[in-house]
Amino acid sequence: MFWQRKELVCLQMVELITDYLEGTLSRSQRRRFEAHLAACENCTEYLRQMRATIRLTGSLRAEDMEPAMRDELTELYRRWRAEEDEGGATAEE
Amino acid sequence: MDEDEELVARLRAGDEQAFVALVSRHHAAMVRVAGSFVSSPAIAEEVVQDTWLGVLRGIDGFAGRSSFRTWLLRILVNRARSTGVREHRSIAVGDAGPVVDRSRFDASGAWMSPPQHWVEDSDDRLLAEGLADQLQVALGELPARQREVVVLRDVDGLSGREVCDVLEISEANQRVLLHRGRSHLRQALESELGSL
C-alpha cells in the first residue's frame, strides 16, 4: 500500500494538498507531507499556487446588486405584507 | 446578537428596511450560488426572488438553530435544485482521475514538468488584464457540484461545516469536490499566466 511507504512523492502531494490545507491529514500523514515540502521546491511552489488560487477566487465577489433588483425585491416585500394583512383580516372575521 | 440576527428580529416585527438590508447583505452571494445550479442568470434571479418570498413566509418558523445565512442558502439550494431538475440540467457528480495530468510526473512520481511560476504578478494582472473574467470563466466550466462547493467556500467564505449543511453532503464529499474544483482553477491560472 502506498500509505505504508515512507516518503510521499509529488504525484501524491498534489492529491493530498486540500486535506493538508483543511487540516484533515492524520498527524503522521502531515509529518510526511511537510517533510516532502521541505525538500521539494516544486511542491512548495504548487502549495503557494493553491493558496494564491484560493485568494484570487475570493476576490471574485460580485458587484453589488443592481438598484432595479433592489426595487423589485422591495416591491415583493410590500406585496407579501399586503397579502399577509389581508389574510390576517380575513382570519379575524 | 450578530447583524443578521438583529435584522431578522426587526423583519419579524414588520420592518421593511430590515428586509432591504438582509437582501443587500445576501443577494449577490445567492445569485452566484443559484447560478451554479441553473442554466441562465435570468432563471437564477427568479430562484433568488422565489427564495426571498420563501424567507418572508417562513421567517416566523426560523428557529435560529443554524445561522440565518445557512438557513437562507438551504432554502435557495432546494429551490435551485428542483428548478435545475425541471430544466433537465444534469447533476454531474464531478469528474474522476488525477487533478494534475499524469504526464507531468516521471515514473517515480516526481515532477517532470513542474508548476510554472505565476503567483508573483497575479495580483497586478488580476486588475490590469481581466484575469478575474478568465477565472470567472474557469469557475463556470467546473462540473456543477465542484462549482457549488468552490463558490460557497472560496467566493462566499462559508466554512466547510456550513457548506455541508447547505448542500446536504458529507464532509468527505465536500473536501473531494473542493479539492477537484480548486485544482482545476489552479491549472487554469497556470495555463493563463505561466511561461510568460
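In what order do the elements of chain B run from the N terminus on? They run α-α-α-α-α-α-α-α-α. This is a predicted model. Chain A touches chain B through 35 of its residues, which meet 41 residues of chain B. Chain B is itself divided into two parts, domain 1 (3-86) and domain 2 (102-193).

**Chain B as a whole**

- Chain B holds 9 helices and 0 strands.
- Its C-alpha trace spans about 65 × 35 × 30 Å along the principal axes.
- Chain B has 196 residues, and 38% of them count as buried.
- Take the contacts in chain B between residues at least 6 apart in sequence: 69% of these join residues at least 24 apart.

**The two domains of chain B**

- Domain 1 of chain B covers 3-86, and domain 2 of chain B covers 102-193.
- The C-alpha centres of these two domains of chain B lie 26 Å apart.
- Where they touch, 10 residues of domain 1 of chain B are in contact with 11 residues of domain 2 of chain B.
- On the domain 1 side of this contact, two elements of chain B give two or more residues: α2 (16-35) and α4 (68-86).
- α4(B) has the largest share of that side, with 4 residues.
- Sorted by class, the domain 1 side has 5 nonpolar, 3 polar and 2 charged residues.

**Chain A as a whole**

- Chain A has 4 helices and 0 strands.
- From the N terminus on, the order of elements in chain A is α-α-α-α.
- Of the 93 residues in chain A, 18% are buried.

**Where chain A meets chain B**

- The contact joins 35 residues of chain A to 41 residues of chain B.
- Three helices of chain A each supply at least two residues to the side that touches chain B: α1 (10-22), α3 (41-58) and α4 (67-92).
- Which element gives the most to this side of chain A? It is α3(A), with 12 residues.
- By class, the side of chain A that touches chain B has 17 nonpolar, 10 polar and 8 charged residues.

**In brief**

- Chain A has 0 strands, and chain B also has 0 strands.
- Two contact regions are described here: chain A with chain B, and domain 1 with domain 2 inside chain B.

Methods: Residues numbered from 1 in each chain as written. Chains lettered and ligands numbered in written order. Predicted model: local features only at pLDDT ≥ 70, side-chain atom pairs only at ≥ 80, totals over all residues. Contact = placed C-beta atoms within 7 Å. Nonpolar A, V, L, I, M, F, W, Y, C, P; charged D, E, K, R; others polar. Domains from an automatic or database assignment. Buried ≥ 20, exposed ≤ 12 C-beta atoms within 10 Å, placed from the backbone.
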